[in-house]
Amino acid sequence: MAVKSKPMVGYGNHKGKSRKSAKVNGLHPVLKVKLAKAVGKPSFPIKKIREAVRAVFAAKQQVVSPK
Amino acid sequence: MQAVPGYDKNVFVNCPFDQEYAPLFHAIVFAVYSAGFKPRSALEIADSSELRMEKILRIIKECRYSIHDISRTELSVVTQLPRFNMPFELGLFIGAKAYGNTAQRLKRAIVLDREPFRYQQYLSDISGQDIEAHQGKVDQVIVRVRNWLKSLSKDHMTGASHFIQKYHEFRTDLPELCQKFKCLESELTFADLTAIMTEWLTLYQQ
């Protein structure tokens, strides 16, 4: 007799993960908003903007947890 | 029935564009994005081949929702004349809703002023519309815009206090971001601002 695999449980795109791991930044996945795109063409390449934002977030995390 | 792609998520922001109003304008744009909608403004395209009036009419046609701030009633220091653009564009939006096709008739608007009932002294024709007061404060404008958009959206949304907290975090990060782009905050175009906000919010949510 074939063994039935356990059904995946979880939250939306986070199926199979625990509730705890599904929460990022203290925000429940259900509360995450599908963001609209930016308007028009920015003065700087979007890649550069993304890198800059990532750098600022990374710097903030270092300040919060110096480990 | 949909007028243009994204019609149901587009929000026309009709407000003053001067430096004095900039903190409120940025807060409105941020709140609109945070609620999952797309802010649209006459500032979004610097195409001098398109007449300003045509541009405004096109954007109004593409937006189901709109935010109108009619609080700027002061006379210009230089000309001693008031600015009529905001009430005029509010009138265009109401006209589009009244005389437009089925999709245009679904339009919804919120009108903002500094104090409640002040508008009755200078624009009494809009009595009965949804008018909200923000006292010229960033936090208040975020609360008004967030609560109004929540009333229009079926999606879940965090509370107004979370919107405010997020906005202040964004404001703290903005000078450092501007430094990386070698530009002043006042030099950011609408397209720059929306690109930075969307990237910031995307990472914030991850």
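Helix 1 of chain B crosses helix 6 of chain B in a right-handed sense; a crossing is right-handed if the near helix is turned clockwise from the far one by less than a right angle, and left-handed if anticlockwise. The structure is a predicted model, in which local features need pLDDT of at least 70 and side-chain atom pairs count only at pLDDT 80 or more, while totals for chains, interfaces and linings use all residues. Residues are numbered from 1 along each chain as its sequence is written, and chains are lettered from A and ligands numbered from 1 in the order in which they are written.

Helix 1 (residues 22-34) and helix 6 (residues 190-205) of chain B pack with axes 10 Å apart, at an angle of about 45 degrees. Helix 1 of chain B is therefore oblique to helix 6 of chain B (angles under 35 degrees count as roughly parallel, over 145 as roughly antiparallel, 65 to 115 as roughly perpendicular and the rest as oblique). On helix 1 of chain B the contact involves B:His26, B:Val29, B:Phe30, B:Tyr33 and B:Ser34, and on helix 6 of chain B it involves B:Leu193, B:Thr194, B:Met197, B:Thr198 and B:Leu201. Residues are in contact if their C-beta atoms, placed from the backbone, lie within 7 Å.

A second pair is formed by helix 4 (residues 138-152) and helix 5 of chain B, whose axes come within 9 Å and cross at roughly 130 degrees. Helix 4 and helix 5 of chain B are therefore oblique to each other, and their crossing is right-handed. Helix 4 of chain B contributes B:Asp139, B:Ile142, B:Val143, B:Arg146 and B:Asn147 to the contact, and helix 5 of chain B contributes B:Ala160, B:Phe163, B:Ile164 and B:Tyr167.

Between the chains, 35 residues of chain B are in contact with 26 residues of chain A. Helix 1, strand 2 (38-40), helix 5 (160-180) and helix 6 of chain B each supply at least two residues of the side of chain B that touches chain A. The largest share of that side, 14 residues, comes from helix 6 of chain B.

B:Val11 touches B:Val32, B:Phe37, B:Lys38, B:Pro39, B:Arg40, B:Cys63, B:Tyr65, B:Ser66 and B:Ile67, residues up to four places away in sequence not being counted.

Conventions:
Axes are lines fitted to C-alpha atoms, for helices over the stretch in contact, and angles run from 0 to 180 degrees between N-to-C directions. Helices (H or I, at least four residues) and strands (E, at least two) are DSSP runs, numbered from the N terminus. Two residues are in contact if their C-beta atoms, placed from the backbone, lie within 7 Å.
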